[in-house]
Amino acid sequence: MIHNRVEEHVQEAFAALKPHFPAFCGCEICVADVLVYALNRLPARYVASREGTVITELNLDKQQSRASIDVAVMDAFRKVIASPRCKQVRPRPLTP
Ligand SMILES: [Zn+2]
């Protein structure tokens, strides 16, 4: 089983930072967009888990990685708030 530790930290940062962005929509589409946007901007740090237990020796370089994860998640919030995809789905006009 392969596991991306950065994903866990992005989820944590997302939960911690969400209250700071009251304009954030919070729907499923927007939540996924924030996570995907942040994850795509961060290098993945994979670890292998054995018998269901994640091996944690490969720690994130605490201060620096945490800070860059927070920055990526904050950027993602701003980007999604500026143009939420869920609001861009409009009914088609009746006439072409
Ligand atoms: Zn939304």
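User: Which residues of H2 are buried?
Analyst: In this predicted model, the buried residues of H2 are Asp 33, Val 34 and Ala 38. They sit on the same side of H2, because the arc they cover around the axis is only 120 degrees.
User: Why would residues a few places apart point the same way?
Analyst: An α-helix has 3.6 residues a turn, so residues three or four places apart end up pointing the same way.
User: OK, and what's exposed on the other side of H2?
Analyst: That side has Glu 28, Ala 32 and Asn 40, which are exposed.
User: How far apart are the end C-alpha atoms of H2?
Analyst: They're 18 Å apart. That agrees with what you'd expect, because 13 residues (28–40) at 1.5 Å a residue should span 18 Å.
User: Switching topic: where is Ser 83 found?
Analyst: Ser 83 is in the segment after helix H3, which covers 62–82.
User: Is Ser 83 buried or exposed?
Analyst: Exposed, because Ser 83 has 9 other C-beta atoms within 10 Å, and the cut-off for exposed is 12 or fewer.
User: And how far is Ser 83 from Cys 30 in space?
Analyst: C-alpha to C-alpha, 9.7 Å, though Ser 83 and Cys 30 are 53 residues apart in sequence.
User: Zooming out, in what order do the elements run?
Analyst: From the N terminus on, β-α-α-β-β-α, and that comes to three helices and three strands.
User: How much of the protein counts as buried?
Analyst: 14% of its 96 residues.
User: What share of the contacts with a separation of 6 or more comes from residues 24 or more positions apart?
Analyst: Those account for 85%.

Conventions: Residues are numbered from 1 along each chain as its sequence is written. This is a predicted model: local features need pLDDT of at least 70, side-chain atom pairs count only at pLDDT 80 or more; totals for chains, interfaces and linings use all residues. Helices (H or I, at least four residues) and strands (E, at least two) are DSSP runs, numbered from the N terminus. The expected span of a helix is 1.5 Å times one less than its number of residues. A residue is buried if 20 or more other C-beta atoms lie within 10 Å of its own, exposed if 12 or fewer, and partly exposed in between; C-beta atoms are placed from the backbone. The arc is that of the directions from the helix axis to the C-beta atoms. Two residues are in contact if their C-beta atoms, placed from the backbone, lie within 7 Å.
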